[in-house]
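Please read the following report alongside the sequence and the model.

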Amino acid sequence: MGDLANTVAKLEEEAAESRELRSIVERLDTEVSFRMETVQEVGGELLELHGSLDDQIAEHDYMAVEQSAASVRGLVDVETVLPAIDAVLLLTALRDDEAIPDLTLPLASFADDSTDDSWDHPRLTQGDLDRVFEAALVRAEERWQEIWGDHLWDDENERDTHREEHRAEAELEAVKERAARAGAHLMALVDHIGDTLWPEVVEAVEVGDRDRAVRALAAANSAGRETEAAYKLYEVNLSIQFEKAPGSMGAMGEFLSDAQDWLLSQ
């Protein structure tokens with residue numbers, strides 16, 4: 001009976017150890033899932049921000065646009081995301097009894113010229129916008145010449161007035177288009193992060209490829225930082241539109257005009 005008792009006791013001890021191990025694994029699974037969700041949810045939040053930006057830009061709500069751009073930068077902040085990535089990789093290695101991954105921070109990956117060319121984010125400058133603007137005015141003048149250049153006018157003043165009106169309309173449309181392009185660039189950055197880069201981050205973490213995850217995160221962080229300059233570009237060109245034609249900005253233009261009138265009256 002003594003041997004039997006010892007055997008039973010040993011089996012009970014092993015069962016207890018097994019239950020404890022299963023409990024540890026379950027806790028690790030829970031923590032891995034939680035941390036993984038933290039990484040995955042960024043993609044959903046970027047999608048929501050894209051929708052918000054679309055509405056905000058359409059309504060010329062530049063203050064909300066600025067907030068959304070800041071939110072994008074917060075979502076892809078390295079100090080926030082990388083610890084979650086590393087927690088997933090470390091806890092997964094512990095759970096699966098695998099080698100502990102190297103969690104040192106490869107600073108070179110976050111240098112301005114370090115990201116994969118295929119992941120390079122969209123870029124736009126005021127010079128780019130101005131070239132498109134000038135080309136639009138040239139095309140408008142060419143169209144006027146094609147349609148009205150050979151027209152017989154009663155007098156030169158009528159001809160010049162018609163030409164100036166056409167030019168003013170074309171300039172206003174070009175001004176609006178320039179601001180719209182600046183807004184579209186900001187949205188393109190969000191699209192690039194959410195549609196191209198973040199799926200790479202998530203997939204790399206899921207397969208345990210930290211180097212790839214870090215490179216994708218670095219690219220997302222770089223694109224995120226670019227939203228600050230993109231917003232300034234949008235703000236400048238929207239300001240030009242407001243100065244040119246406040247009424248072209250709908251309710252926001254009316255609000256800003258009223259505020260401006262009130263300030264000038266003080």
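The report below describes the helical architecture and a few selected residues.

This is a predicted model, in which local features need pLDDT of at least 70 and side-chain atom pairs count only at pLDDT 80 or more, whereas totals for chains, interfaces and linings use all residues. Residues are numbered from 1 along each chain as its sequence is written, and side-chain values use heavy atoms, with hydrogens and water left out.

**Overall fold**

The protein has 7 helices and 0 strands, and its pattern along the sequence reads α-α-α-α-α-α-α; helices (H or I, at least four residues) and strands (E, at least two) are DSSP runs, numbered from the N terminus. Of the 266 residues in the protein, 35% are buried, where buried means under 20% relative accessible area, exposed over 50% and partly exposed in between (1.4 Å probe, protein chains only). Among contacts with a separation of 6 or more, 76% join residues 24 or more positions apart, a contact being heavy atoms within 4.5 Å.

The table sets out two helices with their end-to-end C-alpha distances; the expected span is 1.5 Å times one less than the number of residues.

| Helix | Residues | Length | C-alpha span | Expected span |
|---|---|---|---|---|
| Helix 4 | 126-148 | 23 residues | 33 Å | 33 Å |

In helix 4, the buried residues are Leu-129, Phe-133, Ala-136, Ala-140, Glu-141 and Trp-144, and they pack against helix 5 (156-206) and helix 6. An α-helix has 3.6 residues a turn, so residues three or four places apart point the same way.

Helix 6 is capped at its N-terminal end by Asp-209, a side-chain oxygen of which lies 3.4 Å from the backbone nitrogen of Asp-211. Further along, helix 6 has a kink of about 25 degrees centred on Glu-228, the bend at a residue being the angle between axes fitted to the seven residues ending there and the seven starting there.

**Packing of helix 2 on helix 6**

The axes of helix 2 (residues 62-75) and helix 6 come within 8 Å and cross at roughly 170 degrees, with axes taken as lines fitted to C-alpha atoms, for helices over the stretch in contact, and angles running from 0 to 180 degrees between N-to-C directions. Helix 2 and helix 6 are therefore roughly antiparallel, a description used for angles over 145 degrees. The contact involves residues including Ala-69, Val-72 and Arg-73 of helix 2, and Thr-227, Glu-228 and Tyr-231 of helix 6.

Thr-227, which lies in helix 6, is buried, with a relative accessible area of 0%. Its side chain reaches the backbone oxygen of Ala-69 at 3.4 Å. Leaving aside residues up to four places away in sequence, Thr-227 touches Ala-69, Val-72, Arg-73, Leu-186 and Leu-189.

His-50 is found in helix 1 and is partly exposed, with a relative accessible area of 22%. Although His-50 and Leu-186 are 136 residues apart along the chain, their C-alpha atoms are separated by 9.5 Å. Again not counting residues up to four places away in sequence, His-50 touches Met-187, Val-190 and Asp-191.

His-60 lies in the loop between helix 1 (2-58) and helix 2 and is buried, with a relative accessible area of 16%. The phi of His-60 is near 60 degrees, a positive value in a residue other than glycine. Most residues other than glycine have a negative phi.

How values were computed:
A polar contact is a pair of N or O atoms within 3.5 Å; within protein, one must be able to donate a hydrogen and the other to accept it, and residues adjacent in sequence count only if both atoms are side-chain atoms. Angles under 35 degrees count as roughly parallel, over 145 as roughly antiparallel, 65 to 115 as roughly perpendicular and the rest as oblique.
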